[in-house]
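Reader: I have a model open and would like to go through it with you. Can you take my questions as they come?

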Amino acid sequence: MKEEFRSLLILQEADRAIQGAHVRQNQIPQEILSLQEDLGTHERILEEEKEEFRETEKRRRRLEMDLATLTETLKKHQTQLHTVKTNKEYTALLHEIEEEKKKISDIEEDILILIDETDERMKRIGEKEKMVEEKRQGTDENQRNLEKEKSSLEKHLQKREDERKQILARMDGSLLTQYKRILKGRQGIAIVAIQGAVCEECFTALPPQVAVEIRMGEKLHVCENCGRILVWKGD
Ligand SMILES: [Zn+2]
């Protein structure tokens with residue numbers, strides 16, 4: 001009987017380790033996914049920034065085209081000034097020229113603002129690119145580590161499962177059934193070692209006689225309070 005109790009304790013440790021390994025195993029894919037999502041968010045932000053940069057460049061090029069056309073027209077009108085026949089035509093043309101000069105100066109100002117904006121955006125993109133690159137490397141490294149952990153967990157799990165099978169093969173059927181039944185109803189803990197004459201799980205004091213019997217390992221005892229199998233771990 002004593003040996004059996006000890007086997008149960010080992011079985012429970014194996015069960016607990018297996019359970020923990022499964023929990024961790026299930027967490028890893030989620031962790032990898034959220035690493036990738038985080039990187040994806042940063043990459044998207046960078047892409048948006050680049051798209052805005054391209055838009056700004058397009059706007060600037062359009063303005064430069066407008067500027068070229070207006071400058072052409074201005075030149076043409078300035079030449080025409082020398083050839084107009086009437087005073088009225090002259091005044092009208094002069095007015096147009098003034099308007100064109102004003103528009104040109106406005107466009108030039110807008111272009112300067114856009115150039116500043118482009119510089120600013122370029123700087124930001126450079127910084128973000130560097131950041132995303134670092135993030136990518138960090139993500140790769142973390143992912144590699146998680147995958148390594150996953151494969152070592154699998155090995156560990158395999159070992160524990162083998163260990164468990166060996167224990168089960170040596171165990172008494174009815175004790176095992178009782179163990180499994182208690183395990184189900186007691187949050188994965190069916191066996192408790194006693195500490196002196198106290199249940200280590202719920203801290204209930206045991207009658208001295210019961211504690212002695214548990215130490216001797218002759219009889220199966222269950223904690224009156226928490227219902228778990230009580231065993232003596234040894235001195
Ligand atoms: Zn107890």
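Author: What follows goes through the domains, the sheet, the helices, the core and a few single residues.

Reader: What kind of model is it, and how are residues numbered?
Author: This is a predicted model; local features need pLDDT of at least 70, side-chain atom pairs count only at pLDDT 80 or more, and totals for chains, interfaces and linings use all residues. Residues are numbered from 1 along each chain as its sequence is written.

Reader: Which domains does the assignment give?
Author: Domain 1 covers 18-170 and domain 2 covers 177-231. Those bounds come from an automatic or database domain assignment.

Reader: How far apart are the C-alpha centres of the two?
Author: The C-alpha centres of domain 1 and domain 2 are 64 Å apart.

Reader: What is the strand order in the sheet?
Author: The order is β2-β1-β4-β3, in an open sheet of 4 strands with mixed pairing. Strands (E, at least two residues) and helices (H or I, at least four) are DSSP runs, numbered from the N terminus. Two strands pair if DSSP finds at least two bridges between them.

Reader: Which strands stand at the edges?
Author: β2 (198-199) and β3 (221-222) do; each has a single partner strand, so one side of each has no neighbour in the sheet.

Reader: In which sense does β1 pair with β2, and in which with β4?
Author: β1, residues 191-195, pairs with β2 in the antiparallel sense over 2 bridges. With β4, the pairing of β1 is parallel, over 3 bridges.

Reader: Which residues stand opposite each other there?
Author: Towards β2, Q195 is opposite V198 and I194 is opposite C199. Towards β4, I191 has I229 as its bridge partner.

Reader: What about the hairpin of β1 and β2?
Author: There are 2 residues between its strands, and G196 takes a positive phi near 65°.

Reader: Switching to helices. Where does α1 lie?
Author: Helix α1, residues 2-80, lies across β1 and β4 (229-231) and runs at about 110° to β4. Axes here are lines fitted to C-alpha atoms, for helices over the stretch in contact, and angles run from 0 to 180 degrees between N-to-C directions.

Reader: How does its end-to-end span compare with what 1.5 Å a residue should give?
Author: The 79 residues of α1 should span 117 Å, and its end C-alpha atoms are 118 Å apart, which agrees. The expected span is 1.5 Å times one less than the number of residues.

Reader: Which residues of α1 are buried?
Author: F5, L8, L9, L11, Q12, A14 and D15 are buried. Buried means 20 or more other C-beta atoms within 10 Å of the residue's own, exposed means 12 or fewer, and partly exposed is in between, with C-beta atoms placed from the backbone.

Reader: And what do they pack against?
Author: The buried residues of α1 pack against α2 (87-170), α3 (173-185), β1 and β4.

Reader: Take L8. What is in contact with it?
Author: Leaving aside neighbours within four places in sequence, L8 is in contact with L175, Y179, I191, I229 and V231. Contact is counted when C-beta atoms, placed from the backbone, lie within 7 Å.

Reader: How many residues has the largest nonpolar core?
Author: That core has 18 residues, and those with the most contacts inside it are L8, I191, C199, I229, L230 and V231. α1, β1 and β4 each supply at least two of its residues, and the largest share, 5 residues, comes from α1. A nonpolar core is a set of buried Ala, Val, Leu, Ile, Met, Phe, Trp, Tyr and Cys residues joined through C-beta atoms within 7 Å.

Reader: How well covered is α3?
Author: Hardly: 1 of its 13 residues is buried. α3 reaches 19 Å from its first C-alpha to its last, close to the 18 Å expected. Just after α3, Q187 takes a positive phi of about 45°.

Reader: Which residue other than glycine has a phi near 60°?
Author: F203 has that positive value. F203 is in the loop between β2 and α4 (208-216), and counts as exposed because it has 10 C-beta neighbours inside 10 Å.

Reader: Last one. Is D162 buried or exposed?
Author: D162, in helix α2, counts as exposed, with 11 C-beta neighbours inside 10 Å. D162 and A14 are 148 residues apart in sequence and 9.7 Å apart in space, C-alpha to C-alpha.

Conventions:
Two residues are in contact if their C-beta atoms, placed from the backbone, lie within 7 Å.
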